Amino acid sequence: MELTKNFEHTKAEQQWYQHWLDKGYFNSTPDDREPYTIVIPPPNVTGVLHMGHCLNNTIQDILVRRARMMGKNACWVPGTDHASIATEAKVVQMLRERGITKSSLSREEFLKYAWEWKEKYGGIILQQLKKLGCSLDWSRTTFTMDPDYYQSVINVFIDLYNKGYIYRGKRMINWDVRAKTALSDEEVIRKETHQKLYFLKYTIDQGDGQAASSDFITIATVRPETIMGDTAVCVHPHDDRYKHMHGKFVFVPLINRRIPVITDEYVTMDFGTGALKVTPAHDMNDYQLGQKHNLEVIDIFNDDGTLNESAQVFVGDDRLDARKKIVKELEEKGYLVKTEDYTSEVGYSERTDAVVEPRLSLQWWVDMKKIAGPALDAVVDDEIKFYPGKFKNLYKHWMENIRDWCISRQLWWGHRIPAWYAPDGRFVVTATREDAFKQLNADTKAAPITIDDVTQDEDCLDTWFSSWLWPFEVFKGYSDPGNKDVNYYYPTNTLVTAPEIIFFWVARMIMAGYEFKGQKPFSEVYFTGIVRDKTGRKMSKQFGNSPDLLEMIEKDGADAVRFGIMISSPAGNDLMWDQAGNEQGKFFINKMWNALRLVGLWKERQGIGNRESGIGSRPPKHGDGGESGIGNRELGSARRSEAEGVDNARRSETKEGDFAVRWFESRLNEVRDEVEKSYRDFRLSEALKTIYSLIWDDFCSWYLEWAKPGFDQPIDPAVYEKTVEFFEQLLQLLHPFMPFITEEIFHQLKDRTDDITIKSFPLYDAVDKTILENGSLLKETITAIRDARNKNQLKPKDSIHLHIQTDTQEKYQAIEAILVKQVNASEISYTNVIVPNTINIVVQKDKFYIETTTVLDTASQKEQLIKDLDYQKGFLASVDKKLSNERFVQNAKAEVVEVEKKKKADAESKIKSIEESLAALANV
């Protein structure tokens, strides 16, 4: 079938993904192979594919596809998280559109609507991952509220409670006024926020319960809307300004509540006025002060952030609206001294972006210090390795200063807390109402109750309390311990995730792994960077700077999108994404497609080759110098003419192909080793760049040119077969990154029944450094001569006679056949003297004289040589500076110093050659 002009990505993506599914390539069951397991960070059931998902899941797919091609039993488990806060918000919005309020429904009625929403929209993101080419085992798709998973979460809660690791207590929490639920510390995003600092007068009690407006203390606050909850003013005990205030009372502005002046070293004397308003119900630190000094706690906010009756003023107003009104009234009544611009960190809900309200609340907590130890040791001791390693210290600091985890949420969608209450407030923790009834009635000192008196806790558990079980419960490792799947796949191998959930999820999964399985959940964690736009802003719908990923895939193709995100993704660092990356990917695909078209033309041009040329056999050993039939030692030059006949031309073509094949075979093996090292260090972007350069430059731009037969000449069948073999191996290297184009070209190269997605990597032989050096010399020489031809306006069809002045003639004899063709030289000869009336260039230490019948511009030659001389002198000066630095010479490795010395010697030799060439031109 004739090839299309361009790669048709839409057709190929649909065809090959369905083919892979039909073949069951992504499915995994335990066998005798080495397992390689990744569990997907479960996206929210509300989610749709965005650039962060693109990066994270492309990386996972690369690792899984590579493992599959290495012969491992690769298992990538998909699934979604029920996302309590986000999903409940979506359901409430859906109900609102139908004219229904949540408050009008029972819990059971609301959950029916929630499941309806989930069934309709909850799997969208998983279907979108297929468009990206992700090779997940779809038969293992898990949802955090699947029946077995749900029961495991409940049983884990009960187990931890019975161990004394979970408790119920009234403490300060982070309150999301929009979602109307508690948040853990990790769900609060601290943002630098521009605010106003308000300086307010608190008038002093004169001893008779009366306030004198002329006698006051000034406090500074950014939250004037909370003054109605003040129960003290605090000053530092050693602050001379306020020693006369110790033991006195002041009045809260607007409401005239009489509150004490207390002293505590907690106060910072040089901040604001040195006097602090204490609001125990609405500030974490104030609450601690209130506990210490037995202060009254007055909560002035409702669940939705509006002022309640305890505020006395502006009741029912939103706290932020009330702030404006309060400031205006404070100013009108003479309480406002001044305002200043002020910048500080403010907590925002990670889920709703609402300003978080500190609040005293009765919640359920996990005592984290009781379970954190093994998880800390595992990372510190490198039992679990972090990539990049910089996150290890961040993790260590957080774990060493860990705080208790608030796990209750005031929501209906989620895992309902298995706590059961009697009418008198007694409670038990157990799985069922029946068990709770028995336990509550077992207390003979309490009044007997009926089972209908027993009520379950209204709250559900933090979403992360279910997802911390993910690595083992996707294999039913808790609900069905010891089953063959969990025994085979757990611990998993690699976790790929974003650093912003290192505490939300990564740390907690490690804790759960050791607590419930006695093992680590994974061996290594790769932290991706944040995807940012060209200006450095995080990509998000909020900023309107995040492209529609599905539209990009439709337009550019999944391979180009994967290429674009990975080529700009340095390991563990944020990446600046640009549409240009997709364009580069499309150009790359087009380059490979054109290479396929060229190789396809060669198929019909196979002629009688030299089967004794050694092509297809083992590369020569190190030190062979490419002597196995390469070059023309007997002649000492590559003088080619029509008179030598077709046989000689064919021998030359064979020699060209022989060298090209041996060079590329070594280059391919060299790069495969580099790519393996990049994989081991999770430098996937570097691996892609290396493969990209190998295909674009070494294979397409050099090898195919060197191996290409002359006009109307046949190609040696052995060279053709090796070319196809090389192409296949290149496609294998690239396949994990760009699966669709590689599978398509793999099948277009020749008829076959196997598929690249499961084709094992071939073994590779040692690298021949000598032939690689000869290949580098050949590329450098061709480039230099072509540049010289262009600068001297020699047309490509103009033939030249090339004279080479060198001490290592044998190196050039090994590459003569290709060099002649590539630079259009009628002949090559070697000389020990300057050849007059020629174009002079220097390559490495050698001088080249290009003889042509065209009249030469010696002035231009001199100008170029002077530029080259200036550059080399500048380079030599920089090397000399480094070598004259005693600290560098003493501290650098010996091999590094030797490299610098070699650079110096090479530069000096090149300078000498250029100066000799300039001297020769001066005599022209």
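Predicted model: local features only at pLDDT ≥ 70, side-chain atom pairs only at ≥ 80, totals over all residues.
Strands of a sheet pair through backbone hydrogen bonds, in either a parallel or an antiparallel manner. Here four strands form an open sheet in the order E6-E5-E14-E16, and their pairing is antiparallel. Its edges are strand E6, residues 181-183, and strand E16, residues 405-406, each of which pairs on one side only. Between strand E5, residues 166-176, and strand E14, residues 357-366, there are 10 bridges, the two strands running antiparallel. Within this arrangement, isoleucine 166 stands opposite valine 366 of E14.

Side chains of opposite charge can pair when their charged atoms come close, and the structure as a whole holds 62 salt bridges. One of them joins aspartate 185 to arginine 403, with 3.3 Å between the closest N and O atoms. This pair connects distant parts of the chain, 218 residues apart, since aspartate 185 sits in the loop between E6 and strand E7 (188-205), while arginine 403 sits in the loop between helix H10 (390-400) and E16. Aspartate 185 has a relative accessible area of 31% and is therefore partly exposed, whereas arginine 403, at 58% relative accessibility, counts as exposed.

How exposed or buried are the partners when glutamate 225 is considered together with arginine 223? The side chains of these two residues, glutamate 225 and arginine 223, meet in a salt bridge with an N to O distance of 3.2 Å. Glutamate 225 is buried, its relative accessible area being 0%, and arginine 223 is also buried, with a relative accessible area of 19%, a value that falls within the buried class because that class takes in residues under 20%. The two residues belong to a network of salt bridges that links Arg223, Glu225, Arg319, Arg323 and Glu357.

Helix H8 itself runs over residues 319-332, and its 14 residues reach 20 Å from the first C-alpha to the last, close to the 20 Å expected at 1.5 Å a residue.

A further salt bridge lies within a single helix. An α-helix has 3.6 residues a turn, so residues three or four places apart point the same way. Lysine 901 and glutamate 898 are three residues apart in helix H28, residues 894-922, and are therefore separated by about one helical turn. These two residues, lysine 901 and glutamate 898, form a salt bridge whose closest N and O atoms are 3.9 Å apart. Lysine 901 counts as partly exposed at 45% relative accessibility, and glutamate 898, at 48%, counts as partly exposed too.

Conventions: Residues numbered from 1 in each chain as written. Heavy atoms only, no water. Pairing = 2+ DSSP bridges. Salt bridge = Lys/Arg side-chain N within 4 Å of Asp/Glu carboxyl O. Buried < 20%, exposed > 50% of the residue type's maximum accessible area, 1.4 Å probe, protein only. Expected span 1.5 Å × (residues − 1).
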